[in-house]
Amino acid sequence: MYNLDEMKCMRTGYGLSYEDIQRLSGVSISSVQKIFGGIVAHPRRSTLEALSAGFEKYIHEERDRRLRIEPCDTIEADVSEKHKKRRETAYHLPSSSDAPAVAEDPYRYNSHGSSAFDKTSNSTGMMFTQTGYTYDEYAKLELPEGMRVEVIDGKLYEMSAPNVSHQAVAGEIFVLISNYIRRNKGKCITLMAPLDVRLEYDKGDMTVVQPDVVVICDRKKLENMKNVKGAPDFVVEVLSQASKKMDLYIKMSKYRESGVREYWVVDYAGNKVITYDFEGEGDIEIHTMDDTVPVRIYGGKLKIDFKAIREYLESFSEET
């Protein structure tokens, strides 16, 4: 019988999802998540036996398909291309010297429930890690109370809880945009986190994010009224210290690639508002929290007065 560490290693090496393990072993999906996610450290022997039998079944199935199955300590070199593609994904980061090295990224990464950050890196700024989460698998996760995660190319990133300033800034932007749309009887709708946005709904569905504020103009993307299927027209992320690298590099690239028309990053603590025009010439503009910033998807007719937002928050702080 395999022990738990051996099975965790094999799951990583073979790129097995929770559903794969549930199917092979007959152990409930919730138990599989808790065991391989480290929530349950000492499963019952009967459960370990069922899991071990499942892995043995998988190994026999793969041998029947003439795939080479090796012990865990050599699997990295010998795993088939089929599994390797499922396990690995590449991240290309901007070449700017200000861009973070992904291998040094501080975000907690959960690989199919594991808290281990399995990574390799090379001089080109690429990172390869365990991957495989689709939206359906993400939706079935039984996370600890209060934990929120996002999925980027099949990998899970834990989100830190926002502070009061973060929520206040996002809330003010939401209200201003929403009021403008309603005053002008617009067809778009403004929404706030937490809300699942399935950026690549029609391309594998392996990127699910929760932007602070989004504007959706294609109502078909809201047809199930549970999440957003596809790229929003306009996205705002309010920076926190923990989310800087994610919002400025990784998510910015995903928003651009998926078809977001305009993206704003609001750094309240750093006195910056960075705007990206993905629909036009790709212009990037940097404003301050004293500026009035036009929303390009509305031709500049809608403007956000960040000085008013800043003064409102400062007056509130003084009163308390």
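Guide: What follows is about the disulfide, with some words on the rest of the protein for setting.

This is a predicted model, in which local features need pLDDT of at least 70 and side-chain atom pairs count only at pLDDT 80 or more, while totals for chains, interfaces and linings use all residues. Residues are numbered from 1 along each chain as its sequence is written, and side-chain values use heavy atoms, with hydrogens and water left out.

A disulfide is a covalent bond between the sulfur atoms of two cysteines. Here a disulfide is counted when a pair of cysteine sulfur atoms lies within 2.5 Å. By that rule the count is 1 disulfide. Its partners are Cys 188 and Cys 217, with sulfur atoms 2.0 Å apart. The link of Cys 188 and Cys 217 is right-handed, with 100 degrees about the S-S bond. Cys 188 sits in the loop between α8 (164–183) and β6 (189–192), and Cys 217 in the loop between β9 (213–216) and β10 (228–229), so the pair ties together parts that are 29 residues apart in sequence.

Cys 188 and Cys 217 are both buried. Buried means under 20% relative accessible area, exposed means over 50%, and partly exposed is in between, with a 1.4 Å probe and protein chains only. Of the 320 residues in the protein, 48% are buried.

Now the setting. The protein has 10 helices and 16 strands. One of the strands is β4 (residues 148–152); 4 of its 5 residues are buried, so β4 is largely enclosed by the rest of the structure. Strand β4 runs antiparallel to strand β5 (residues 155–159), and 5 bridges join them; two strands pair if DSSP finds at least two bridges between them. Val 149 stands opposite Glu 158 in β5. The two strands form a hairpin with 2 residues between them, and Asp 153 in the turn has a positive phi of about 50 degrees.

Last comes confidence. pLDDT is the predictor's confidence in each residue, from 0 to 100. The mean pLDDT of the protein is 78, and 77% of its residues reach 70 or more. Over residues 73–130 the pLDDT is below 50.

Conventions
Contact means heavy atoms within 4.5 Å.
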